Amino acid sequence: MATDVPVLIAETTYQRRTPAVEALRRLSRHRSAQVGMVLLLILVLTAIFASVIAPYDPIKPLRDVKRRAAPCIHLLGCPQDQPQHIFGIDGNSRDLFSRIIFGSRLSLQIGFTTITFAIIIGGFLGAIAGFQGGWLDNTIMRVMDVLLAFPSLLLAIAIVTALGTGLINALLAIGIVSIPVYARIVRASVISTRELEFVQASRALGASPMYLLFRRILPNALTPLIVRGTLGIATAILDAAALSFLGLGAEPPRPEWGLMLGEERNSVFNAPHLVFFPGVAIMFTVLSFNLLGDGLRDALDPRLAQPGK
Amino acid sequence: MLQFVVRRLILLIPVAIGILFVTFAIVRLIPGDPCVAMLGERATPQACNAFKERYGLNDNIAVQFGRYLMNMTQGDFGTSIRFGRPVVDLISERLPMTIELTLFAMLFSTTAGISMGLISALRRNSAADVVTMIWANIGVSMPVFWLGLMLAYIFALVLKGTPFFIPPSGRLTAGLSITPLAKVWGLNNLTGFGQFFVALLSNSTLINSVVTGNWLMFRDALWHLILPAVAVGTIPLAVIARMTRSRLLEILGQDYIRTARAKGLVERLVIARHAMRNAWIPIVTIIGLETGSLLSGAVLTETVFALPGVGTALVSAILGRDYPVVQGFTIVIAFIFVFVNLIVDLSYAYLDPRIRLD
């Protein structure tokens, strides 16, 4: 293998590097992680500079344009006297490109908020379950099992029914559905480290339970949490788009990609660009998190690494 | 083996009760007065009282849950608020479509996924491998409803007039319709589970057309199922292909494979008898886990292809605030998911005798 030589060098100079730096080095050499990071960087920059990149307002309808007009790109032979709309015009006379650009903000927010929520709640539940054990552990984990007995999107749909439709409720639903995964990760790592000698030593030195949990035990759960969290963001974005597509999530006129797809799904035959571009945007975003997640798994936890990559 | 099956079945009981409890709790969590939520604007105080009395909402919550469990075990899923019909009837109408779609998607994703993974692993780093792995990454990132719409656009519009045209929506071509099997078999006074079961068979267009010998309809039903099944199956296909490839690569590097090759076994048998046998367990696990994705995908794809299944019913019930229907369909899908995972667990025992002994 071509990577043998650099690995050897890395080992000889190992003492100068912290594990985090070492992991970052491995990550930066991982091919799919490279692609994922570049895609994600583009996405984050797009989200930050959305108002600079987008030529039009994402919400206000334009005047003097034909609804659902096909894309007009000057470079591809669209007459110069017509205004350029590279992704075309949507059903409410808005510039689709601008809406998609602004949608990147929403998508990233959706991914990060739901998974942060799920990690905090799930991590808390898992830590209690693992740390306390006994009936509390049993109760919490059986509830998690039941949540996992539902296909996640369907449980989210059912929760949205109870809470009422809307973006915030959809996010809450997706967050709740994601909790069990993180609870299990944290619980497993708490249980496996709880009785180890370095924890016992810390306890013997008089460390408080909180100190033990946060400084000695939980750092061991960080790796799987980061890996699963990254992949979880991808799923959360897909699920949120699905809920919005069904009309249960974001409300018009919000530039949410799933909603944009849902609103225009009936015009797929006469204005396919209105369906094509939002879907590509979703795919692009989800792909970037999936690739990065795969790379993180291989870089942070070699035991989980898939052979042949 | 029997003991293993029985033990697995007993373990299902708490999960089943949990599922029923969650669905029970969800409907109780609806903010505000349940009667206003259920009756909408028609909710006068008198109507509310009558409603609460009828549904036993004045009793304490434990009694309510007990009664709910009793009703469920007797197959009483309540009555749809919008249609005034038993939810069970709606289930028997809508479920066959979703099961047909899920099964076909599963068939597509497993056969294509395993073959793609196998080819990738055997021809590692070849063009076929690279394409498969890129496709696997893209496949898991696509929204299933978007793929459905794109397939509909390509096969129904771009390829219109060619032999590759595939209809983009509906279960059957207009003009075709199923004959209820209860009528065909002369079973007019069935009740209870028998009626439900016959209705279920009858509403499965594929089974119905085979039983009635209507091959034209059978072909038409299959034809309408192609695009949705491909759309639903694509994500699981990608996952299965990746899993098959990585497991096989791991296994092919092991000593016993080298031994098998060294003793002169032909490569085909090395793969089929030695390598695949050990690769099956993770693949079957993934198939079980992906059933959730298949069922969710079926729900989303039905709305794209206008198929009369659980998904379309569920979405319209949610938008119409028809809670008993939402509850009923959620329970049914959760149970299907649990059931599939039970089958997966049981198949482990078949594939790996060690598991039976644990």
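**Loops, helix packing and chain contact**

Visitor: Pro253(A) lies in the loop between α11 and α12 (257-264) of chain A. Which residue does a cis peptide bond join to Pro253(A)?

Guide: This is a predicted model, in which local features need pLDDT of at least 70 and side-chain atom pairs count only at pLDDT 80 or more, while totals for chains, interfaces and linings use all residues. Residues are numbered from 1 along each chain as its sequence is written, with chains lettered from A and ligands numbered from 1 in the order in which they are written. Helices are DSSP runs of H or I of at least four residues and strands are runs of E of at least two, both numbered from the N terminus. Omega is about 5° at the cis bond of Pro253(A), and the partner is Pro252(A).

Visitor: Which helix of chain A has the highest confidence?

Guide: The mean pLDDT (the predictor's confidence in each residue, from 0 to 100) of chain A is 86, and 92% of its residues reach 70 or more. Confidence in chain A is lowest in α1 (residues 4-12), with a mean of 51, and highest, at 93, in α5(A).

Visitor: Is Arg68(A) buried, partly exposed or exposed?

Guide: Arg68(A) sits in the loop between α4 (50-53) and α5 (96-132) of chain A, and its phi is positive, near 55°, though the residue is not glycine. A residue is buried if 20 or more other C-beta atoms, placed from the backbone, lie within 10 Å of its own, exposed if 12 or fewer, and partly exposed in between. Arg68(A) has 18 C-beta neighbours inside 10 Å, so it counts as partly exposed.

Visitor: Is Asn125(B) buried or exposed?

Guide: Asn125(B) is in the loop between α5 (87-122) and α6 (127-141) of chain B. Its phi is positive too, at about 65°, and it is not a glycine. Because Asn125(B) has 10 other C-beta atoms within 10 Å, it is exposed.

Visitor: Which residue of chain B does Ile159(A) touch?

Guide: Ile159(A) belongs to helix α7 of chain A and counts as buried because it has 22 C-beta neighbours inside 10 Å. Contact requires C-beta atoms, placed from the backbone, within 7 Å. Not counting residues up to four places away in sequence, Ile159(A) touches Ala173(A), Ile176(A) and Ile26(B).

Visitor: How many residues of the side of chain A that touches chain B are charged?

Guide: The contact takes 38 residues from chain A and 43 residues from chain B. On the chain A side, α6 (134-148), α7 (152-163), α11 (222-245) and α13 (273-300) each supply at least two residues. With Ala, Val, Leu, Ile, Met, Phe, Trp, Tyr, Cys and Pro as nonpolar, Asp, Glu, Lys and Arg as charged, and the others, Gly among them, as polar, that side divides into 28 nonpolar, seven polar and, as charged residues, three.

How values were computed
Contact = placed C-beta atoms within 7 Å.
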